[in-house]
Structures are given as structure tokens and as C-alpha cells.
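Morning, everyone. Please look at the model on the screen.

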Amino acid sequence: MAVSQYSAGRPVVAADAEAIPWTTISIVLSALFVAVLDSFIVVVAAPSIVADLHASAGDVQWVLAGYQLSYAVFIITATRLADLYGRKRIFLLGAAVFTLSSVACALAPDAGSLITARVVQGLGAALMVPQVFAYVTVLVPAAKRHSVFGVVGIVMGMATIGGQVIGGLLIGADLFDSGWRLVFWVNVPIGVVMFLLALRSVPATGSAASRRLDLPGVLMLSVALFLLVLPLIQGQQAGWPGWVWACFGGSAVAFGAFVAIERRLESRGGDPLVPLTLFGQRSFSLGIVLVLTLYALIYSYYLALSVTMQQGLGLSALGAGLVYAPAATAFFVFSMVASRTIPKYGRRVLEVGAIIMASGYLATGLLLVSGPRITPLLVIPTLVLQSVGGGLVITPALNTVLSRVRPESAGVASGALSTAQQCGGALGVAVIGAIFFGAFDPAAADRVAAAGHAFAVASFATCVIAVVSGVIVFLLPKQPAAQG
């Protein structure tokens, strides 16, 4: 049975519908890896950036936030542009923007220049990342899609967890006396090779259904996402002033207006930015919420752990990164287990993973409040337990979201998935970050004890999010739908 693609609006039939196009998948996965990595690697580099550029805490916050904000706001628009002008063209544009902005980050003479370059880098990531999920959905035969999504989940998880390890190793290596700048320079050779390989080997696909860009929808959704993500990123540091809550209210109004615009356009037979019928699919709507909660706990927890290891225990960036190494290994192994067992056991794999993951966060909190002072060796076993569960639930979650999506809707569904990841990350950092930093007093006489207490509190709070994720897992369809 042939797999349909689209090139310049015309259907094209894959030469071998049963083969997985690993060359294409590998190239676009490299883009996914560096885009996700750059959300986390800068967390480890933050102390070095402060020292070298004489940056303020607010500056560093915007080095992190600028990337997330532009990434989150532009994703869905980028997917529609790919539907209109071709995924290959938009992917190549994103790769070029991401690579050139990485050069600008590495050469930044001051904090303002670095923040600007990071905003542009986020735009590059937004252009690249949704195409990854779209290519998997469009090019991979339905019977084999679960295994490829397993690899996608592994790549994302390894970039998320491995960002701490890789960042620590790069800063510790300090090649050519480059310090923190090496975390951006490393993107450049990857980006150049990725661009050249994509130019040669990635097929040009798009959506036959797309006719023109829904500009009112683009504008309203961009406003809604900006007003949602900005206060999530900045609210905790600003002390939750009135403008934060005004932004949340404005975001709700803008989302309501966006839905009205899309419904009106769809009823007239137009081409909406986001077909609302997608959310009528239980696996998709629940899966989006699941992805949001999962990335809320991942982003926030590893930020809390990084601060605990470096500011609390006084570890170097390299030392803090190595604390993550056993957990990263466990995540990789059990992501592979998940990709192999999902076809046979379906939702039960996610159920087991959700229970183990929540147990890991609970065990960390209970261990730290039971008396022992926090040390890296003390928390590594429970971090591994969390990653065992995370590997079993995070990896299959991607397939859950996209399993029933038709190829012609792959672009916008992928954009919604990527948006959920970014919004979830911002939400988690806002909530868990506020809880963690509210409990952590770095000026305390016993800073290690203060860090241990704050990390215990963060572990319990993250456990609550993990339990919510588990409840959603038990509401999912028991078996992913085949896609023909």
C-alpha cells in the first residue's frame, strides 16, 4: 500500500511504501536534537555567562526565555508555511537561521546581543522542529510508525536530559579558552552538515489541502501564545505583578477570538490555520494535554536539579552534568524498551511508566525529608527511577498524539504538539520554579541543607504533576490506531 506525499500540491507515491526512509528521518532528527538541546544546555552555562558578560539575573532569564518565547509563538505558523511552501524549503530555512544565529550567540559581545541572537535562534528552531513530526507521519508506513516515534522520543529525551551532561562537558573542556561560547559553537558544524545533507536527501513535501495562509488566525494565535508564554516565563522573577494576570486574561480572550475566527473560516470552506476538528479526536486532544504535563515536569525539575547541584552543593558545570549521566542512560534504555513493547501491550506500557515515574519523584522527596543531607550519590538512584518511568511514558506519548492524524493534517498536528511542549515547559518552570525558589535560601548558613529542603519540596510538587500525567494516561485509548 503506497504512502502519499505531496510536492507542489500534487500527490506523489513513495517508491517503497514498506521501507522506513532512515536517511531523511536521521537528518531531521539531528535538527530536533539540537533544537531541544539548546533549551537546556544554556541552563548549565548560565553561571559562566553571568561571569563573562557581567550579565544580570534578568539578562540570563531572557537568554533562556527569548529562545522559548519565539519558539513557542511561531511554531504553528511555521507548520502552515511548510504546508504552503513545502516542508523541505521551510526546514532548510530553519536550519540556516538556527546555524547563523548560533554563530551570533557564540560571538555575542554583551548580554543584549546574546538575547537578540537567542530570539532569532528560537525562530529557527520553530521552523525546523514541526517538520520532524510531519515527515514521520507522512513518510513512514503506519505499521512501522510506532518504532520511529520511539526513536523520536529517545532523541528528545536524550537532548532534554543529556543537555545537562553535554553542557557540563563542553564548558569543562573550555576548548580554545571559549568557555560558555562552546555550547553555541557546537551547533555550527552540526547545522552546516545538516543543511547540506537535507539539501540533497530530504524530499520536498507539503499539503495538497493548503491554499493560502490564514493571516487573521496567525495574528490572533501569535498574540494569544505571546500573552500566555511571556508571563509564565517572567512572572516568577517579577513577583507576579498585575501585568502578569492581565496578560493571562488577555490570552484567554485572544484564544477565544482565535477559535471564533477558525470556526467561521472552516464553516465557509476556507483553510484555517488550525482545523478544530483535530481536537475532536480523543487520542489527539488527551495526548496534547499529556505532552504538556510531561514537559512541564521535565523542564522544571531539571532546572531545579541544576540549581541544587551548582548553587547548593557547589558543583561545577561538569560535575553537575555528570550527575545526570546515569539517569540519561536509564532513559535511553527504557525508551528503547517502550518502542519495542508498545505494539504488543499498548497503553499498559505508558501506565507502568507513569506509575514508576511518579514513584521516583515521591521517593526523592521522602528520601530528602527523612534526614540525610543531600549529595549527588544520594539522589542518583531516585533520578534513575524517574528516568526509567519517563522512558516508558514520554517516548510513546508522541505516537499517542499523532497516531490517528491523517497525513494531510500532519503539519498542523505536529505544530500543536511542539507548541504543547514549549507551553508545558514554560508552565512547569513558572509553577515548580516558584515553589523551588520560594523554598531555597542560597544565603542560608547551611546552604546544602537549604538546597536539600528546596529540592525535596520541588520533588513533591513535581510528583503531583506526574500523578496528573498518570491519570491522563489511564484515559487514553488502549491501543494506538493504525494509519493506512
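A definition to start. A crossing is left-handed if the near helix is turned anticlockwise from the far one by less than a right angle, and right-handed if clockwise. Keep in mind that this is a predicted model.

Take helix 3 and helix 4. The crossing of these two is left-handed. Helix 3 covers residues 87-107, and helix 4 covers residues 111-139. They pack at an angle of about 150°, and their axes are 8 Å apart. That angle makes helix 3 roughly antiparallel to helix 4, because the cut-off for that label is over 145 degrees. Who sits in the contact? By class, helix 3 with helix 4 gives 17 nonpolar, 6 polar and 3 charged residues.

Now the second pair. Helix 10 is residues 282-312, and helix 15 is residues 410-439. Their packing angle is about 40°, with the axes 6 Å apart. Helix 10 and helix 15 are therefore oblique to each other. Which hand does the crossing of helix 10 and helix 15 have, left or right? The crossing is right-handed. The contact of helix 10 with helix 15 divides into 19 nonpolar and 7 polar residues, with no charged ones.

Is threonine 419 buried or exposed? It has a relative accessible area of 7%. The cut-off for buried is under 20%, so threonine 419 is buried. What does threonine 419 touch, leaving out residues up to four places away in sequence? The partners are Ala72, Ile75, Ile76 and Leu225.

That's my set. Over to you.

Methods: Residues are numbered from 1 along each chain as its sequence is written. This is a predicted model: local features need pLDDT of at least 70, side-chain atom pairs count only at pLDDT 80 or more; totals for chains, interfaces and linings use all residues. Side-chain values use heavy atoms; hydrogens and water are left out. Axes are lines fitted to C-alpha atoms, for helices over the stretch in contact, and angles run from 0 to 180 degrees between N-to-C directions. Helices (H or I, at least four residues) and strands (E, at least two) are DSSP runs, numbered from the N terminus. Angles under 35 degrees count as roughly parallel, over 145 as roughly antiparallel, 65 to 115 as roughly perpendicular and the rest as oblique. Ala, Val, Leu, Ile, Met, Phe, Trp, Tyr, Cys and Pro count as nonpolar, Asp, Glu, Lys and Arg as charged, and the others, Gly among them, as polar. Buried means under 20% relative accessible area, exposed over 50%, partly exposed in between (1.4 Å probe, protein chains only). Contact means heavy atoms within 4.5 Å.
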